[in-house]
Amino acid sequence: VENSALVFCRKSIWLAEISEFASTDGSDFSINTAVSNLSLLTDEVGCSARRSIQTAGQFVYFLSDAGIYRLDSRLDLKLRGDTRPLSDSIADKLEELNASLVYNAVGLWYNNRYYLAVPLAGSDNNNGVFIYNALNEQWETRDIYGFGVDNFLVATYQNERRLFVTNQGGKIFML
């Protein structure tokens with residue numbers, strides 16, 4: 001947003017700002033070409049699965065070690081210690097996460113919903129999918145599959161945009 005980018009680390013979130021200025025000597029590379037700034041938004045929460053990060057309008061959804069969070073993209077407010085995760089109401093279901101493989105989790109924003117595939121119950125792949133509905137601001141479901149969900153795919157099927165899950169075994173399933 002406006003020459004700013006979020007930088008997610010495992011235990012922190014930073015805001016990188018880049019301001020560009022015209023070069024004073026005509027070259028492409030000059031000391032005056034760019035001035036950047038890196039500021040800490042929070043060191044209380046970070047992202048535990050890089051592919052879980054999804055932008056949806058003014059919000060950014062992601063999975064952290066403390067749960068699933070939603071940031072406001074206005075980026076002018078720092079996170080506070082009393083900030084509760086979006087997943088607070090389903091915290092008991094997230095206790096089943098396989099912590100050693102949570103970095104493989106993958107998310108997708110589609111049809112006003114945040115889909116998040118995670119490894120549950122000692123599984124060695126993303127066998128669980130959580131769905132958050134942004135319209136009613138509630139968690140809709142947690143589905144458990146007998147196969148790994150390695151990625152989400154949005155494609156047209158019979159003239160309608162549909163959501164599919166894929167896995168490295170070469171399978172594709174329509175949700």
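Visitor: Which residue in strand 8 is the bridge partner of Gly-107?
Guide: Leu-116 is the partner of Gly-107. Strands here are DSSP runs (E, at least two residues), numbered from the N terminus.

Visitor: What kind of model is this, and how are residues numbered?
Guide: This is a predicted model, where local features need pLDDT of at least 70, side-chain atom pairs count only at pLDDT 80 or more, and totals for chains, interfaces and linings use all residues. Residues are numbered from 1 along each chain as its sequence is written, and side-chain values use heavy atoms, with hydrogens and water left out.

Visitor: Back to strand 7. How many bridges join strand 7 to strand 8?
Guide: Five bridges join them. Strand 8 covers residues 113–118, and the two strands run antiparallel. Two strands pair if DSSP finds at least two bridges between them.

Visitor: What holds paired strands together?
Guide: Strands of a sheet pair through backbone hydrogen bonds, either parallel or antiparallel.

Visitor: In what order do the strands of the open sheet come?
Guide: The order is 7-8-9-10, four strands with antiparallel pairing.

Visitor: Which strands stand at the edges?
Guide: Strand 7 (106–110) and strand 10 (138–144) do. Each has a single partner strand, so one side of each is left without a neighbour in the sheet. The twist averages 15° from one strand to the next. Axes for that are lines fitted to C-alpha atoms, with angles from 0 to 180 degrees between N-to-C directions.

Visitor: What about the loop between strand 7 and strand 8?
Guide: Asn-112 has its place there. Phi of Asn-112 is near 60°, a positive value in a residue other than glycine.

Visitor: Is Asn-112 buried, exposed or partly exposed, and what is its relative accessible area?
Guide: Asn-112 is partly exposed, at 36%. Buried means under 20% relative accessible area, exposed over 50%, partly exposed in between (1.4 Å probe, protein chains only).

Visitor: Where is Asn-159?
Guide: Asn-159 is in the loop between strand 11 (151–157) and strand 12 (160–166). Its phi is positive, about 65°, although Asn-159 is not a glycine. At 79% relative accessibility, Asn-159 counts as exposed.

Visitor: New topic. How many disulfides?
Guide: The count comes to zero. A disulfide is a pair of cysteine sulfur atoms within 2.5 Å.

Visitor: Are Cys-9 and Cys-47 buried or partly exposed?
Guide: Cys-9 is partly exposed, with a relative accessible area of 32%. Cys-47 counts as buried, at 8% relative accessibility.
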